[in-house]
Amino acid sequence: MAANKGDSDIDDILTSEEELEKALCVLAGSDPDNCSYSKGYVKRQAVFACNTCTPNDAEPAGVCLACANKCHDGHDIFELYTKRNFRCDCGNRKFGGFHCQLNPVKEEENIRNRYNHNFSGFYCTCHRPYPDTDDQDEDEMIQCVICEDWLHSRHLGCPVVEPEELQEMVCEACMNKAPFLWTYAAHIAVPPVIQVGDAEEEVEVDIEGEDREAGQRKDEEPSSSDERTEPEEAVNRSFPGKRTHEEMTGSPAMATTKIVECKLKELQARGLERLRRGAVFWPYSWRAELCTCTSCKRAYVAAEVQFLLDQSDTILAYEKRGLHEPFGQHPLMALMNSMDRVQQLEVIYGFNELTTSISEFLEQCASEGKTVTVEAVHQLFEELQARKRRRTSDGNQ
């Protein structure tokens with residue numbers, strides 16, 4: 001038991017380290033010292049909202065990382081993760097008489113910015129805050145790569161799948177705004193997953209079976225509303241580099257024709273469809289499978305999803321840039337790289353304790369209706385330091 005528990009603790013620590021690095025990557029990809037306004041509508045950056053300057057009943061507004069640190073220090077700030085094509089609002093008309101300390105000369109409004117209820121502190125189709133003190137059910141939240149809203153997994157309308165090959169999710173509402181994506185989903189998105197048996201084992205189910213070749217559907221047994229029909233090609237295309245026999249043995253002339261023709265029309269001609277319900281999970285390579293002919297490009301623009309053709313638009317690409325740029329690596333991660341494994345684990349233990357204590361402190365203030373003051377924060381850190389001194393003292397005895 002002791003050995004198993006030790007292994008479990010190490011796994012938890014390693015997971016915490018990965019989560020720490022991922023959290024830092026969100027900030028590392030943005031400039032912490034200079035307001036991003038002068039860069040225009042940045043392709044992707046960390047964005048924050050200030051509940052002190054723009055509360056729920058005010059017009060939605062967002063500020064960059066540098067302004068959150070410099071201009072709104074001590075304010076009630078909440079993180080919005082990252083947003084695409086966003087320009088910093090700090091100090092514009094929406095902030096009344098408040099002026100940006102880093103870049104005070106700004107237009108009154110950034111007309112190309114897109115806002116949703118996240119800027120007012122609400123998320124998902126249920127329009128709830130996060131964290132939600134009234135929700136007793138712990139539930140993962142997943143971001144749609146199109147509308148960039150965060151949805152509870154239980155409100156996605158489909159089973160949640162987490163293989164390493166899956167990277168992006170598109171919610172049902174966004175799928176319907178760009179309905180041609182349903183055709184791609186029938187061929188390259190994750191196959192359907194349903195619960196079967198007493199053990200509730202998740203399995204991939206091919207509902208159409210052999211009748212697919214004849215273009216017919218089985219009708220002997222009623223299907224559940226949660227089941228989705230998927231072609232065999234969907235399984236093959238869910239993994240980068242895996243090709244069908246036809247693709248590997250086709251003549252060069254045929255291959256050239258396929259490149260020139262519209263990929264979307266080719267998929268539509270196969271007559272395979274997916275039930276248009278629920279969110280859709282996509283593999284890493286799905287954007288590369290989208291057709292780039294002139295007609296399809298116009299459809300992307302009309303549906304306002306032209307960014308799907310940009311491989312650098314993804315969160316993964318943003319985080320990788322953050323790690324490789326000069327200011328990208330967080331000092332804590334750089335420091336940990338110079339430590340041996342024992343020292344690294346000690347730092348992670350300390351980080352976990354710090355984040356847990358801060359979370360408990362904030363939750364207590366919220367439940368008691370108390371305002372978070374500078375004095376209360378100082379007291380919290382004094383208690384943490386005293387706790388550390390006691391542990392060090394006990395260890396030296």
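Of the 397 residues in the chain, 39% are buried, where buried means under 20% relative accessible area, exposed over 50%, and partly exposed in between (1.4 Å probe, protein chains only). The model is a predicted one: local features need pLDDT of at least 70, side-chain atom pairs count only at pLDDT 80 or more, and totals for chains, interfaces and linings use all residues. Residues are numbered from 1 along each chain as its sequence is written, and side-chain values use heavy atoms, with hydrogens and water left out.

The chain has 13 helices and nine strands; helices (H or I, at least four residues) and strands (E, at least two) are DSSP runs, numbered from the N terminus. Its accessible surface is about 23,500 Å², and carbon and sulfur atoms account for 50% of that; the areas come from the Shrake-Rupley method with a 1.4 Å probe, and for residues only the protein chains shown count as cover. Of the contacts between residues at least 6 apart in sequence, 70% join residues at least 24 apart, a contact being heavy atoms within 4.5 Å.

One part to look at is an open sheet of three strands in the order 2-1-3, with antiparallel pairing. Strand 2 (63-64) and strand 3 are the edge strands, each pairing on one side only. Two strands pair if DSSP finds at least two bridges between them; strand 1 (residues 42-50) and strand 3 are joined in the antiparallel sense by seven bridges. Within this pairing, R44 has R84 of strand 3 as its bridge partner. Strands of a sheet pair through backbone hydrogen bonds, either parallel or antiparallel.

A salt bridge is a side-chain nitrogen of Lys or Arg within 4 Å of a carboxyl oxygen of Asp or Glu. R84 forms one with E148, with the closest N and O atoms 3.9 Å apart. This pair links distant parts of the chain, since R84 is in strand 3 and E148 is in the loop between strand 4 and strand 5 (150-152), 64 residues apart. R84 and E148 are both buried.

A further salt bridge joins D313 and R287, whose closest N and O atoms are 3.0 Å apart. Here too distant parts of the chain are linked: D313 is in the loop between helix 9 (294-302) and helix 10 (315-324), and R287 in the loop between strand 9 (280-283) and helix 9, 26 residues apart. Both of these residues, D313 and R287, are buried. Through shared partners, salt bridges join R44, R84, E148, E168, R287 and D313 into one network.

The loop between strand 3 (77-86) and strand 4 (141-143) holds D132. D132 counts as buried because its relative accessibility is 16%. A polar atom of the D132 side chain lies 3.1 Å from the backbone nitrogen of D134. The side chain of D134 meets that of R128 in a salt bridge (3.4 Å, N to O). D134 is exposed, with a relative accessible area of 61%, while R128, at 31%, counts as partly exposed.

How many disulfides are there? The count is zero, a disulfide being a pair of cysteine sulfur atoms within 2.5 Å. C35 is in no disulfide, and the nearest cysteine sulfur, that of C67, is 3.7 Å away. The sulfur of C88 is too far for a bond because the closest cysteine sulfur, also in C67, is 3.8 Å away. C35 is buried at 7% relative accessible area, and C88 is buried at 1%.

Definitions and conventions. Polar contact = N/O pair within 3.5 Å; in protein donor to acceptor, adjacent residues only side chain to side chain.
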